[in-house]
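I opened the model to look up how its chains are built and where they touch. My entries follow in the order I made them.

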Amino acid sequence: MTHPQLSAAASAELVRRHAVQDATLMTILHAIQDEVGYVPDTAIAPLAQALSLSRAEVHGVITYYHHFRSAPPARVTVQLCRAEACRSMGTEALKDHIEGHTGCRFDSGHAEDTELESVFCLGQCALSPSMMINGELHARVTPAKFDRLYAAAQTKVAEVTA
Amino acid sequence: MTRIYVPIDSAALALGADAVARAIEGEAQKRGVDVQLVRNGSRGLFYLEPLVEVETADGRIGYSNVEADDVAALFDAGFHEGKAHDKNVGIVDEIPYLKNQQRLTFARIGITDPLSIDDYTALGGLQGLRQVLDMNGDAVCEALLDSGLRGRGGAAFPAGIKWKTVRAAHADQKYIVCNADEGDSGTFSDRLVMESDPYMLIEGMIIAGVAVGATKGYIYVRSEYPHSIATLNRAIDKARDAGWLGASVLGTSHAFELYVAKGAGAYVCGEETALLESLEGKRGIVRAKPPVPALTGLYGKPTVINNVITLATVPIIFAKGAAFYRDFGMGRSRGTLPFQIAGNVNQGGLVELAFGVTLRELLYTYGGGTASGRPARAVQVGGPLGTYLPESQWDIPLDYEEYAKVGAVVGHGGLVVHDDTSNLAELAQYAMHFCALESCGKCTPCRIGSTRGEEVIAKIREGDTSVKQITLLRELCDTMVSGSLCAMGGMTPFPVMSALDHFPEDFGLPRTPAQKAA
């Protein structure tokens, strides 16, 4: 799958702005992803240079952590908790419902405008199952509640991009 | 004027508390009712969230599970004067779930505005630090040891010994690191501290810094907790403005600076040495111990690394004295533990009690049984690396040593309840799968063992219940327990073996006569 990537010059500029004194690679990666939504491949070389690391080391850190993405996120990202507490409250059945409703599969990238991602614990274990849609947290999620929230997220994105 | 509290803790937000707050403001304005809205923390009674509280002459009266659509009807009923309504749960402090707890660490939780320094100091905040500033560092470490406080992250190592080691080490720089990578399913006590009483954690870290001679602190928070990160950052800014942090802590010669670092979704970074690697900006790969972080920690310097609850408990120990804290608990488990009742449970929430309480009491007296209404079958205690306890073990007192006797762990006190529709073989397979996903890859038993473990359990679940497969699984678990570098690989077998031992029927195996009797 190929994605439009930020130009080398734009990435270099991003790195220059965020590679402030004493900032660790992790801190800079967070700053970049918070700003543009992902860590472009084109940022690897300038990051390596700024921090006196090899490109392999930078790549190694980016790919080690689940949080960092190398491509722009989908328009709607659903992060469903699949850990024990949520399992005890039917998150696996909810997962099946979500896949059926959206026509997408969990953890298989995103060709369409929706990405389904498994996460492990959002700290709402007394109110399972829980999930995030585009970063917004929801607890005690039922299939009907998911459908409502998903539709609202799609509408919101459509409004923003319109 | 009426003061109305709507929690800002993420548990309440996840159930629509912001919309409730907006509705209350809108409705009050429309009706010309003079309302002062306070965004408090959560009381930890999550089953009642969003729990709106109204201040009255008799105390704060609660209205539970409020949705934005309920607000107009609540005003109609006169809730802003504390009047009756279906959702009225009475005076919040009198709710047995809350009243019967022994809240030491969580004494202020939900009562205050998490970011109000005035609220914090009005309810005992800073008393501990002020005591410590008049003490010698050795005496502080000694008092902490006296209190009996053990690491609340799960390992239960005496905090005082760790602090003493760091204090005795000679170095140009020492660090205090707070492990706030609360990745275990079934836990939310760290999150509750960070979002609902962040100054308590900040105070605890300053005390640690003063005691051991460290001038820099880091709180490593998982990226899945954006609300915690935001609240901590704002609290640290305010604490700095108030003179708690910086070159001179409360006007003394002690310097302490505090930063928040954000994790990036790697579960193994909850392991202390992997966390330190991550904090240095690298891949979160576990380090071999020794050397221990107390001597060779962050950037190779002596480092106190403690979990959120450990550090958050420090202020009350110094405010009220080591003996006060030590008087709670049993055996070598002194003080209280915030138990977190989670999963398939009717009344989920945080229950802080002295060690010695039983699972049965937590599950029924507090938890009110399962959410599904079906019989409870297994409770996993201590997170994804803790064992599944069958009903025959629910009367063992929750105490580090008593649990160790049956091969279980208290851990951080998280309880995940499963009802009789659960399949423990599936959960065992999931435990191996999770380990395979999250292993840092440094040691072979964890990296390879987890994948092989998942495969073997899958085979057993598909019907190959031969002695060969079961022996293979047990031997594999044995290798992981004895051969892994850290708890990730070393304890993943705990849930697996407990599932196999106590619930063999889920694996397609017969129960032994002893199991039938139990």
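Which residue of E7(B) is the bridge partner of B:Tyr175? I found B:Lys216 there.

**Ground rules.** I am working from a predicted model, in which local features need pLDDT of at least 70, side-chain atom pairs count only at pLDDT 80 or more, and totals for chains, interfaces and linings use all residues. Residues are numbered from 1 along each chain as its sequence is written, and chains are lettered from A and ligands numbered from 1 in the order in which they are written.

**Entry, strands around E7(B).** I noted that helices (H or I, at least four residues) and strands (E, at least two) are DSSP runs, numbered from the N terminus. Two strands pair if DSSP finds at least two bridges between them. Strand E6 (residues 175–180) of chain B pairs with E7(B) in the parallel sense, over six bridges. On E8 (residues 257–262) of chain B I also counted six bridges to E7(B), again with the strands running parallel. In that pairing B:Gly217 stands opposite B:Leu258. I then checked burial, where a residue is buried if 20 or more other C-beta atoms lie within 10 Å of its own, exposed if 12 or fewer, and partly exposed in between, with C-beta atoms placed from the backbone. Strand E7 (residues 216–221) of chain B has five of its six residues buried, so I put it down as mostly covered.

**Entry, the five-stranded sheet of chain B.** I read the strand order as E2-E1-E3-E4-E5, an open sheet with mixed pairing. Strand E2 (35–38) and strand E5 (88–91) of chain B are at the edges with a single partner strand each, so one side of each has no neighbour in the sheet. Neighbouring strands are turned by 25° against each other on average, direction ignored. For angles I note that axes are lines fitted to C-alpha atoms, for helices over the stretch in contact, and that angles run from 0 to 180 degrees between N-to-C directions. Strand E3 (residues 52–56) and strand E4 (residues 59–63) of chain B run antiparallel and are joined by five bridges. One of the pairs I looked up is B:Glu53 with B:Gly62 in E4(B). Helix H2 (residues 17–31) of chain B packs on this sheet and touches strand E1 (2–5), E2 and E3 of chain B. The direction of H2(B) makes about 170° with that of E2(B).

**Entry, a helix pair in chain B.** Helix H10 (residues 198–212) and helix H13 (residues 308–320) of chain B have axes that come within 7 Å and cross at roughly 80°. H10(B) and H13(B) are therefore roughly perpendicular (the class for 65 to 115 degrees; under 35 is roughly parallel, over 145 roughly antiparallel, and the rest oblique). I count two residues as in contact if their C-beta atoms, placed from the backbone, lie within 7 Å. From H10(B) the contact residues include B:Met200, B:Leu201 and B:Ile207, and from H13(B) they include B:Leu311, B:Val314 and B:Phe318. By class the contact has 11 nonpolar residues, one polar and one charged. Here Ala, Val, Leu, Ile, Met, Phe, Trp, Tyr, Cys and Pro count as nonpolar, Asp, Glu, Lys and Arg as charged, and the others, Gly among them, as polar.

**Entry, domains of chain B.** Domain bounds come from an automatic or database domain assignment. For chain B I have domain 1 (2–94), domain 2 (117–326), domain 3 (329–419) and domain 4 (424–517). The centres of domain 1 and domain 2 of chain B, taken over C-alpha atoms, are separated by 34 Å. Six residues of domain 1 of chain B are in contact with five of domain 2 of chain B. The domain 1 side divides into one nonpolar, four polar and one charged residue.

**Entry, chain A.** I listed seven helices and four strands in chain A. Its assignment gives domain 1 (8–64) and domain 2 (76–161), with C-alpha centres 29 Å apart. Of the 162 residues in chain A, 38% are buried. I also looked at A:Ala144, in helix H7 (residues 143–161) of chain A. A:Ala144 counts as exposed because it has 9 C-beta neighbours inside 10 Å.

**Entry, chain A against chain B.** I found 32 residues of chain A in contact with 44 residues of chain B. H2(A) gives the most to the chain A side, with four residues. That side has 18 nonpolar, 12 polar and two charged residues.
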